[in-house]
Amino acid sequence: MTKDAVFTMKIEPDLREEFMAEAQALDRPASQVVRDLMREFVRRQREAREYDVFVGRKVQAGREDKRAGRGRSHAEVEADFAARRATLLRKAGP
């Protein structure tokens with residue numbers, strides 16, 4: 001990949017010195033560390049956005065199910081799992 005874009009930023013001198021020292025300790029150019037940080041930031045942002053879309057679709061599907069009369073009440077779910085717990089506890093024994 002060609003590197004023909006320039007990114008200029010202002011940072012505190014202390015932060016720059018600490019960053020440069022850490023990059024040097026890794027025996028890596030500071031620019032490579034910054035590129036890695038940027039790639040990681042972009043990846044996390046995309047994942048967060050994709051997750052928000054996923055959750056939004058799940059919520060929408062749940063709302064559509066509720067409107068269509070599909071699904072169970074909280075009390076029904078609690079009763080079902082209480083029965084399942086009781087069955088498992090009986091099987092597990094004392």
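Is Tyr 51 buried or exposed? In this predicted model, Tyr 51 is exposed, with a relative accessible area of 53%, a value that counts as exposed because it lies over the 50% cut-off.

**Aromatic rings**

- When the whole structure is searched, one aromatic pair is found, and its two members are Tyr 51 and Phe 54, whose rings lie 6.2 Å apart from centre to centre.
- The planes of these two rings make an angle of 35°, and the pair of Tyr 51 and Phe 54 is therefore described as tilted, because stacked rings need planes under 30 degrees apart and edge-to-face rings need over 60.
- Tyr 51 and Phe 54 both belong to helix α2, which covers residues 30-67, and because they are three residues apart there, about one helical turn separates them.
- Phe 54 is partly exposed, with a relative accessible area of 44%.

**A charge over a ring**

- The charged end of Arg 84 sits over the ring of Phe 81, at 4.9 Å from the centre of that ring.

**Packing of two helices**

- Helix α1, made of residues 13-25, packs with α2 at an angle of about 100°, and the axes of the two helices are 9 Å apart.
- This angle makes α1 roughly perpendicular to α2, because angles from 65 to 115 degrees are counted that way.
- On the α1 side the contact is made by Phe 19, Met 20 and Ala 23, while α2 contributes Ala 30, Val 33, Val 34 and Leu 37.
- Sorted by class, the contact of α1 with α2 has seven nonpolar residues, with no polar and no charged residues.

Conventions:
Residues numbered from 1 in each chain as written. Predicted model: local features only at pLDDT ≥ 70, side-chain atom pairs only at ≥ 80, totals over all residues. Heavy atoms only, no water. Phe/Tyr/Trp six-rings, centres within 6.5 Å; stacked < 30°, edge-to-face > 60°. Helix = DSSP H or I, 4+ residues; strand = E, 2+ residues; numbered from the N terminus. Buried < 20%, exposed > 50% of the residue type's maximum accessible area, 1.4 Å probe, protein only. Lys NZ or Arg CZ within 6 Å of the ring centre and 35° of its normal. Axes fitted to C-alpha atoms, helices over the stretch in contact; angles between N-to-C directions. Parallel < 35°, antiparallel > 145°, perpendicular 65-115°, else oblique. Contact = heavy atoms within 4.5 Å. Nonpolar A, V, L, I, M, F, W, Y, C, P; charged D, E, K, R; others polar.
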